[in-house]
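Here's a quick briefing for anyone meeting this structure for the first time. Have a look at the sequence and the fold, then read on.

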Amino acid sequence: MKNFTEQRNPNSMHLDEMSVEEIARLMNEEDRGVPEAIHRAIPEITELIEAVIRAFKNEGRLIYIGAGTSGRLGILDAVECVPTFGTSPEKVVGLIAGGEQAIKDAVEGAEDSKELAIEDLKKLRLTKNDIVVGIAASGRTPYVIGGLNYAKEIGAKTGSLSNNENTKISEIADYPIEVITGPEVLTGSTRLKAGTAQKIVLNMITTISMVKIGKAYENLMVDVLATNEKLVDRAKRIIVEATGVDYEEAEKVFDEAGSVKLAIVMILSGASKEDSKAALEETDGFVRASIQKLV
């Protein structure tokens, strides 16, 4: 394994002597390579996402495991699925070495324990229907290795996301992704380019998989949870965008339907609430298919 994430970056050897603007320009220039590194990994990213979709359709869960920055990014992606896609908190789960305390504080020795990952996955009652995705910039974090090995033992599918070549977690995972972002401006600080790349790839994994299980109509978030004033307003505006009705009509139907998705089907099909709800159930929640079924 070639450890790019620990190498010194020749472009930042005099980092401590550079001006603020020079460092800002250098970091920006280095970050430009992140999308290209991701672009090269699109085939592998696609395979993992397709596996996540299969897991979701089989009533399985997506479980991220990581330590430090990687673990925090997994948790961030997981918790944002609830308001964005209306999923239960159990549908996408983020595990971090050291537990909740490690979200804000370093927990000494946690990432070096393979056993800790096994314990965490057992607490979740991992099943063969789930998919476990290990995230580690270095690709060799023991906590992640332990979790992936345990997942494979019980028959769950596995994926990995690292920023080095030929990593240990890539060897274990069914669907490995390696996004080679190269040496960091600050040597070894993988919250920089490596972390940025991980965030982008995780965005792709959950967004695309959710779209493919019916959580979007056109490019609209039709399962958004309206849990505050801003989101209630957004829900009504989504209905306006999807159907072309005015805000007042959108508000009226939304209040009757109780959900964005159902309101859109009712308006665009002209069907009753009961028939629209039945169509959504029969099409596994896909708005377009529901409308086609009713008209």
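In which loop is threonine 141 found? Threonine 141 sits in the loop between β3 (131-135) and α6 (142-153), where helices (H or I, at least four residues) and strands (E, at least two) are DSSP runs numbered from the N terminus.

Before going further, bear in mind that this is a predicted model, where local features need pLDDT of at least 70, side-chain atom pairs count only at pLDDT 80 or more, and totals for chains, interfaces and linings use all residues. Residues are numbered from 1 along each chain as its sequence is written, and side-chain values use heavy atoms, with hydrogens and water left out.

**Around threonine 141**
- With 10% relative accessibility, threonine 141 counts as buried (buried is under 20% relative accessible area, exposed over 50%, partly exposed in between, using a 1.4 Å probe and protein chains only).
- Leaving aside residues up to four places away in sequence, threonine 141 touches Ala67, Glu111 and Ala136; contact means heavy atoms within 4.5 Å.

**The annotated active site**
- An unreviewed UniProt entry puts its "active site" annotation on Glu80 and Glu111; UniProt positions follow the numbering used here, feature names are shortened, and annotations may be inferred rather than shown by experiment.
- These two span 32 residues in sequence and the farthest two C-alpha atoms are 24.1 Å apart, so they don't all gather at one spot.
- Glutamate 80 is part of helix α4 (residues 68-85), and at 38% relative accessibility it counts as partly exposed.
- Glutamate 111 belongs to the loop between β2 (92-96) and α5 (114-123), and its 39% relative accessibility makes it partly exposed.
- Not counting residues up to four places away in sequence, glutamate 111 touches Ala67, Ala97, Thr141, Pro142 and Tyr143.

**The SIS domain**
- UniProt (unreviewed entry) lists residues 52-215 as "domain: SIS".
- That span, residues 52-215, is 43% helix and 15% strand, and its end C-alpha atoms lie 14 Å apart.

**A pair of packed helices**
- Helix α12 (residues 273-282) packs with helix α13 (residues 287-294) at an angle of about 125°, with their axes 9 Å apart; axes are lines fitted to C-alpha atoms, for helices over the stretch in contact, and angles run from 0 to 180 degrees between N-to-C directions.
- The contact is made by Asp275, Ser276, Ala279, Leu280 and Glu282 of α12 and by Val287, Ser290, Lys293 and Leu294 of α13.
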